[in-house]
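Reader: Hi! Could you walk me through this structure?
Author: Happy to. Here it is.

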Amino acid sequence: MVVAGRDHLHAVQEEDGTKRRQILDGARKVFMDLGFDGASMGEIARAAQVSKGTLYVYFADKSALFEAIIEEEALQHGQVVFNFDPARDAEATLREFGLAYLHLICRPGGGSAIRTVMAIAERMPDVGRRYYARVLDKSISRLSGYLKARVVARDLDIEDCDLAASQFMELAKASLFLPFVFQAAPAPSEQRMAEVVDSATRMFLAAYKTK
């Protein structure tokens, strides 16, 4: 009887997770198509193919739904493995990180959360702050930690590694990310991303490589 109870509980949890996933997928599409202000719980329920009653069982309002999507975005960023072995060559590490970072932020659909956060950050500053801290600032911190190790190894000469990390990330997405996030251009090609990251790496090392 105990085993049957556990099996039933597992089935309920699995169904619960599937339904939540269904709702989040529907909400993501609505937010992408209509933006935060244009989205309604009714539209989200239709897109997710659930009743509004079911929707409210899982999420109190569209703000809670959007924050759950932001949470997923943070998890996706956190799951990307960047090889920041402190003993690793700076040029190879920067090139590899730059490409991985571009793939992450310029993936199809990847700009929708950023666009929506930018649109509502002034009215909902807590959402903007959380998104920045958990998605963008975390990547800066990870790269900064690697740069500090290369400064100790006397491979790089950098006074402010947080600033330098931000500079490299801006160089790596130059001419690619803004056109993509504002839908002025499609996601960049592999070749174009490699060209931009290669240029960013050369510029960064020209400034910070120990002379």
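**A chat about the model**

Author: Let's begin with Q49, which sits in the loop between α2 (41-48) and α3 (52-58); helices here are DSSP runs of H or I with at least four residues, strands are runs of E with at least two, and both are numbered from the N terminus. Keep in mind that this is a predicted model, where local features need pLDDT of at least 70, side-chain atom pairs count only at pLDDT 80 or more, and totals for chains, interfaces and linings use all residues. Residues are numbered from 1 along each chain as its sequence is written, and side-chain values use heavy atoms, with hydrogens and water left out.

Reader: Thanks! Is Q49 buried or exposed?
Author: Q49 counts as exposed, because its relative accessibility is 69% (exposed is over 50% relative accessible area, buried under 20%, partly exposed in between, with a 1.4 Å probe and protein chains only).

Reader: And what is the phi of Q49?
Author: Phi of Q49 is near 60°, a positive value in a residue other than glycine. Most residues other than glycine have a negative phi. R154 also has a positive phi, near 65°.

Reader: Where is R154?
Author: R154 lies in the loop between α7 (125-152) and α8 (161-172). R154 is exposed because its relative accessible area is 69%. Its C-alpha atom is 8.9 Å from that of K209, which is 55 residues away along the chain.

Reader: Let's zoom out. How many helices and strands are there?
Author: The chain has 10 helices and zero strands. Of its 211 residues, 39% count as buried.

Reader: Which residues have the most contacts inside the largest nonpolar core?
Author: They are F31, L65, L143, L147 and F204, in a core of 60 residues. A nonpolar core means buried Ala, Val, Leu, Ile, Met, Phe, Trp, Tyr and Cys residues joined through side-chain atoms within 4.5 Å. In soluble globular proteins, nonpolar side chains tend to be buried together.

Reader: What does L143 touch?
Author: Not counting residues up to four places away in sequence, L143 touches F84, L94, F97, A165, F168 and M169.

Reader: New topic: how much space is in the largest pocket?
Author: About 270 Å³. Of the 17 residues lining this pocket, Y101, Y132, L136, E170 and K173 are the closest to its centre. On a 1 Å grid over the protein atoms alone, a pocket is an open set of points with protein on both sides within 12 Å along at least five of seven lines, a cavity is a set where a 1.4 Å probe fits but cannot get out, and lining residues have an atom within 4 Å of a point. Points are joined across faces, edges and corners, and a volume is the space filled by probe spheres set on them.

Reader: Which element gives the largest share of that pocket's lining?
Author: That is α7, with four residues.

Terms used:
Contact = heavy atoms within 4.5 Å.
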